[in-house]
Every structure is written in C-alpha cells, then in structure tokens.
Amino acid sequence: MAARAYWQGQIRLALVSIPVEIYTATKSGAKISFNQIHEPSGKRISYEKVVPGIGPVDRDEIIRGYEVSKGNYVLLEDEEIEAVKIESKRTLELVQFVDTCEIDPLYYDKPYYVAPQDELAEEAFVVLREALRKAKKVALGQLSMRGSEKLVAIKPCGKGLLLETLRYADEVRKGQSFFADIEETKPKKELLDLATTLIEQKSAPFDASEFEDRYVEALRKLIDKKAKSKSKKAIIEDVDDPNDASGSNVIDLMAALKKSVDGDKAPKAPAKRKKSA
C-alpha cells in the first residue's frame, strides 16, 4: 500500500509556488503498549469520569478548564477554543534562511519527507533543493495545520527535501542551570589522550540497523512465550547483565581508561573452520 501524504500544499519562495506532498519519516510500529486488565475476569478495565464528593458525571457536563491558580480554573467552551484555532493553509512560505549549525539540535522535533506533487512541480522543486545545497542553508517557515502553527526547517535530503518541525523557544529548557555546579577545569593531558584514543578505536560510520531496542525484543519474546503456553502465571527469567559492575567499583580513572584502551587492542580469536564433509 502506497504511503498516504500527511500534508499536501505548496511551498512558496517569493513569487514561486511548488506543489508538494509531505510524508511522515518515522513510525511507531516497534513500540509495545499494554492495557490494564481485571485479573480474576480477564476483562479490560474501563474508566469513569468522576468528581470528588459528587461521583460519576455525564459526558455532556464536562467542560475544559485552564488552571490559573491552585483549584481556580478559567472555563472555556469548545466553540471558544475552535474560534482561536489557526486556519489550516495549503501554503508553506519560506521566510528566512540560516546556516545549519545555527539551529541547536534541542529545537528539532519530528522529521518529514517532502516530495514534488507531480512531474510539473519537479523542476522548481529541484531548483530549490540544489539552491539550498549550494548555499548550505536551511529554510524556515511556519506551517498551519490541524488548528495549530508549527515552526519548520527544510533542507536537502538525497533527491528530496527533509522537513523537520522545530520546538518554539518557550518549549526548550536551557542547560546552563543544570551545568552551573560543574567546575571549569581542564583534564590532565594523559587522561585526555587515553579518552581520545578510546573514542578513535570505537569510531565507525553510523548505521541505525546495527542497534536494536533490546527491551522491546525481550518483551516480544515474553509475550510470544506466554501466548503459546496459554498460562496466566508470571514467567520470570534471570538475565545476566554484562554491564553489571557491582562489586567492582572503579575509582582509578587512569587505570580504567588504560584497561579500556588495551581491551580494544586485544586480538580476536580466529574463527573456527568448518570441517569438510
């Protein structure tokens, strides 16, 4: 089944409009979600809307409220909230261009692929892509969709474009307060050299397929095992953690770094040859 476009419209650069389609670049299929179940009956638990001191209430008696102080709310009707929603537009206007390094990674939120809507749009699309690539710039704009307005950044991505939603300034915490107690001292040269050597030894091109979510895999195996056994009893298996450092609390940083570097230098055992039949 062909992917469904998340948004269709046009990117506008001054007087040039480029019809495009935007597709989500990520998926959540790997995640495992659970429901709460009443163990004696095996049935799913449902929840009632209740008010303390009153009990269950009808859905049509519920209204939205914003807490302005402890226990005090400003009440808003659905119609009032709808009235201030940003009108969804089919145009994403590029209003500014910045160097990639100017955007702190903290601001990046979610990625999307951008492709031309049809063959007629390809020429202008390619011109924009290559102009961004040549200038080494990222385009900024605000995308109005589903009642809200998102700040977005657009940059070349292979033969297409990558659009990334950005967090607004008031959504990002500054790190200075968390780092305030760290002393401004430089490490010893020998320690720094050992750490640098270790980094170089473990350096390699990034390949996301080399990593897997071991927790999700373990959950899947547990679920499959219980589904096949049709048992309601808990299955608990002890798993040795190779990274468990209990009982060997390392205090000597120099010794730890040297051991790490020397460990990576250790020759690997030769692979056993298969016996010919």
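**Ground rules.** Residues are numbered from 1 along each chain as its sequence is written, and side-chain values use heavy atoms, with hydrogens and water left out. Because the model is predicted, local features need pLDDT of at least 70 and side-chain atom pairs count only at pLDDT 80 or more, while totals for chains, interfaces and linings use all residues.

**Barrel.** I looked up the sheet first. I found a closed barrel of 7 strands in the order S1-S2-S10-S13-S12-S11-S9, with mixed pairing. Neighbouring strands of this sheet are turned by 40° against each other on average, direction ignored. Helix H2 (residues 119–135) packs on the sheet, and its direction makes about 80° with that of S2. H2 touches S1, S2, S9, S10, S11, S12 and S13. My terms: helices (H or I, at least four residues) and strands (E, at least two) are DSSP runs numbered from the N terminus, and two strands pair if DSSP finds at least two bridges between them. Contact means heavy atoms within 4.5 Å. Axes are lines fitted to C-alpha atoms, for helices over the stretch in contact, and angles run from 0 to 180 degrees between N-to-C directions.

**Strand pairs.** S9 and S11 are antiparallel over 5 bridges, with glutamine 96 partnered by leucine 140. S11 and S12 are antiparallel over 7 bridges, and alanine 139 sits opposite isoleucine 154. The S11–S12 hairpin has 2 residues between its strands, and arginine 146 in the turn has a positive phi of about 55°.

How enclosed is S11 by the rest of the structure? Largely, because 7 of its 9 residues are buried (under 20% relative accessible area; exposed is over 50%, partly exposed in between; 1.4 Å probe, protein chains only).

**Another hairpin.** I also checked S7 (residues 64–69) and S8 (residues 72–76), which run antiparallel with 5 bridges. Serine 69 faces asparagine 72, and glycine 71 takes a positive phi near 80°.

**Two residues of S13.** Glutamate 164 is in S13 (residues 160–166) and is buried at 14% relative accessible area. What does its side chain make a polar contact with? I get the side chain of lysine 155, at 3.2 Å. (A polar contact is a pair of N or O atoms within 3.5 Å; within protein, one must be able to donate a hydrogen and the other to accept it, and residues adjacent in sequence count only if both atoms are side-chain atoms.) Beyond four places in sequence, its contacts include Tyr108, Lys110 and Leu151.

Leucine 162 and tyrosine 113 are 49 residues apart in sequence, yet 4.9 Å apart C-alpha to C-alpha. Contacts of leucine 162 beyond four places include Pro111, Ile154 and Cys157.

**Cavity.** My search of the whole structure turned up 1 cavity of 30 Å³ or more. The largest cavity holds about 40 Å³. Among its lining residues are Tyr6, Ile22, Met145 and Leu163; S11, S12 and S13 each give two or more residues to the lining. On a 1 Å grid over the protein atoms alone, a cavity is a set of points where a 1.4 Å probe fits but cannot get out, and lining residues have an atom within 4 Å of a point. Grid points are joined across faces, edges and corners, and a volume is the space filled by probe spheres set on the points.

Notes:
1 Å grid on protein atoms, 1.4 Å probe; cavity = no way out; pocket = protein on both sides within 12 Å on 5 of 7 lines; lining within 4 Å.
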